[in-house]
Amino acid sequence: MPLPPLVAPAPRLTPAELERYARHALLPGIGLEGQRRLKNARVLVMGAGGLGSPVLMYLAAAGVGTIGVVDADVVDASNLQRQVIHTTEDVGRSKVESARAAILAVNPHVHVETHDVRLTAANALEVLRGYDVVVDGTDNFPTRYLVGDACELLGLPCVWGSIYRFDGQAAVFWTDPPVGRGYPAVRYRDVFPDPPAPGTVPSCAEGGVLGVLCGSIGSAMASEVVKLVTGTGEPLLGRLLVHDALAARWREVPVAPDPLGLPVTSLVDLDAVCALPERPVPDAATISVRELADRLAARDRGEDDFELVDVREPAEHELVSIPGARLVPRAAFVDGTALAALSPTRPLVLHCKSGARSAEVLAVVLAAGFDAVHVSGGVLAWVEEIEPAKPRY
């Protein structure tokens with residue numbers, strides 16, 4: 001059963017808009033009145049990344065009158081495989097400014113509001129307030145919980161999506177839907193009560209993501225926005241849509257309010273909860289990439305002896321590696337299998353992508369009695385300072 005339209009119609013469409021949106025005007029349930037509702041809508045998109053890109057482009061093309069974009073990052077070359085709103089020329093540019101330019105190129109009739117900020121408990125309500133719908137296309141758990149909690153406090157519908165490797169999910173969460181329509185008041189925490197334990201869910205930067213999957217899930221999310229604004233069709237409220245791109249299958253999982261769930265009364269930043277715990281690393285147990293380069297040169301001359309160990313995943317090692325590094329993924333240290341395969345008498349030099357995982361492994365090997373250090377900044381610092389021709393990711 002459709003919900004009532006979320007937005008009142010704008011007074012009129014201009015002749016140019018009538019021509020642009022003619023195919024929408026022919027659709028039962030949307031028509032010219034629905035298009036006027038879209039023109040009057042204010043939609044906030046959290047993240048101008050993999051999911052935000054198709055959502056922003058399709059909402060702009062659909063004629064959503066005001067589109068807000070929240071993102072504090074700049075465009076990186078590794079984004080371009082999936083974040084189709086940005087181009088090669090945008091590398092190094094603010095994502096919200098890059099997105100704004102792309103949106104206006106698609107549809108100059110749209111008004112774009114940019115929020116070049118990192119969402120926090122202190123600013124979330126201010127950023128979200130005044131919009132009709134919030135679209136959560138973020139890629140980290142602290143922000144997802146913050147957006148979900150802020151939408152609950154403000155009574156806003158949240159169109160949510162998530163992707164990882166070849167799998168994607170989409171849903172609508174809303175704690176204040178119109179009564180009498182049979183839709184449950186499901187919130188993000190009803191489906192995902194608590195953040196996962198730190199380190200248990202790899203990021204897309206560690207595990208990868210199929211670029212075209214962003215288009216599949218992002219298009220589904222944009223469709224939900226149009227349905228909510230115009231009061232057309234059945235929204236994904238009370239249903240979780242799951243897509244397996246490898247099997248080319250979509251399925252539904254019913255979701256319902258958690259009877260034991262406590263209402264959100266205030267916002268809390270969860271960065272510390274979701275992050276790996278910081279491990280104190282003695283200065284003597286940390287070396288720079290330039291020190292590593294000197295030690296590798298000395299090892300080649302027979303003046304030093306150590307085992308350089310890469311604790312990343314195989315795909316990361318294949319993508320870019322430091323010469324002479326032996327791949328032993330972090331998980332093998334966590335379960336203890338790596339310790340038996342390494343010589344206890346040979347010093348270890350550990351590295352990962354940026355230094356976080358190698359610091360974690362360093363604590364394990366030091367506790368086991370190994371002589372070890374780790375590389376500050378990891379392979380990213382190595383590429384930046386030693387071998388700049390190698391790819392970044």
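**Entry 1. Whole chain**

I take contact to mean heavy atoms within 4.5 Å. On that basis I looked up how far along the sequence the contacts reach: of those between residues at least 6 apart in sequence, 69% join residues at least 24 apart. I note at the outset that this is a predicted model. I found 17 helices and 13 strands in the chain. The C-alpha atoms occupy a box of roughly 80 × 50 × 40 Å along the principal axes. Of the 393 residues, 47% are buried.

**Entry 2. Nonpolar cores**

I turned next to the nonpolar cores. The largest has 45 residues, and within it Val-43, Leu-56, Leu-59, Ile-67, Val-69 and Ile-103 touch the most other members. I listed the elements that give two or more residues to this core: helices H4 (52-62), H5 (95-106) and H10, together with strands S1 (42-46), S2 (66-70), S4 (133-136), S5 (158-164) and S6 (167-173). Which element supplies the largest share of this core? I found that H10 does, with nine residues. Another core lies apart from this one; it has 17 residues, among them Val-289, Val-320, Val-349 and Val-375. I recall as background that nonpolar side chains in soluble globular proteins tend to be buried together.

I then examined Ile-103 by itself. Setting aside neighbours within four places in sequence, I found Ile-103 in contact with Leu-56, Ala-60, Ile-67, Val-69, Ile-85, Val-110 and Val-112.

I checked the dimensions of H10. H10 has 20 residues and runs 30 Å from its first C-alpha to its last, close to the 28 Å expected at 1.5 Å a residue. I recorded 15 of its 20 residues as buried, so the helix is mostly covered. Just after H10 comes Gly-231, with a positive phi of about 70 degrees.

I next looked at how H10 (residues 211-230) packs against H3 (residues 31-40). Their axes come within 9 Å and cross at roughly 110 degrees. H3 and H10 are therefore roughly perpendicular to each other, because angles of 65 to 115 degrees count as such. On the H3 side I found Gly-34, Arg-37 and Leu-38, which meet Val-226, Val-229 and Thr-230 in H10. By class, this contact has three nonpolar, two polar and one charged residues.

**Entry 3. Helix H7**

I applied the length check to H7 (residues 141-154). Its 14 residues should span 20 Å at 1.5 Å a residue, and its end C-alpha atoms are 20 Å apart, which agrees. H7 is mostly covered, with eleven of its 14 residues buried. I noted that the buried residues of H7 include Arg-144, Asp-149 and Glu-152, and Leu-146 is also among them. Gly-155 follows H7 and has a positive phi, near 70 degrees.

**Entry 4. Buried residues in loops**

Thr-120 sits in the loop between strand S3 (111-115) and helix H6 (124-128). Is Thr-120 buried or exposed? Its relative accessibility is 14%, so I count Thr-120 as buried. Apart from neighbours within four places in sequence, Thr-120 is in contact with Leu-146 and Asp-269.

Arg-187 belongs to the loop between S6 and helix H8 (188-191). I count Arg-187 as buried because its relative accessibility is 10%. Beyond residues up to four places away in sequence, Arg-187 touches Glu-152, Phe-173, Thr-175, Gly-261, Leu-262, Pro-263 and Val-264.

**Entry 5. Ala-338**

I located Ala-338 in helix H15 (residues 337-341). With 3% relative accessibility, Ala-338 counts as buried. I found that Ala-338 touches Val-328, Ala-332 and Phe-333, residues up to four places away in sequence not being counted. I also took the C-alpha to C-alpha distance from Ala-338 to Ala-185: these residues are 48 Å apart in space and 153 residues apart in sequence.

Arg-165 lies in the loop between S5 and S6. At 38% relative accessibility, I count Arg-165 as partly exposed.

Ala-248 is not a glycine either, and its phi is positive, about 55 degrees. I placed Ala-248 in the loop between strand S7 (239-244) and strand S8 (249-254). Is Ala-248 buried or exposed? Its relative accessibility is 62%, so Ala-248 counts as exposed.

Definitions and conventions: Residues numbered from 1 in each chain as written. Heavy atoms only, no water. Axes fitted to C-alpha atoms, helices over the stretch in contact; angles between N-to-C directions. Helix = DSSP H or I, 4+ residues; strand = E, 2+ residues; numbered from the N terminus. Parallel < 35°, antiparallel > 145°, perpendicular 65-115°, else oblique. Nonpolar A, V, L, I, M, F, W, Y, C, P; charged D, E, K, R; others polar. Buried < 20%, exposed > 50% of the residue type's maximum accessible area, 1.4 Å probe, protein only. Expected span 1.5 Å × (residues − 1). Core = buried A, V, L, I, M, F, W, Y, C linked by side-chain atoms within 4.5 Å.
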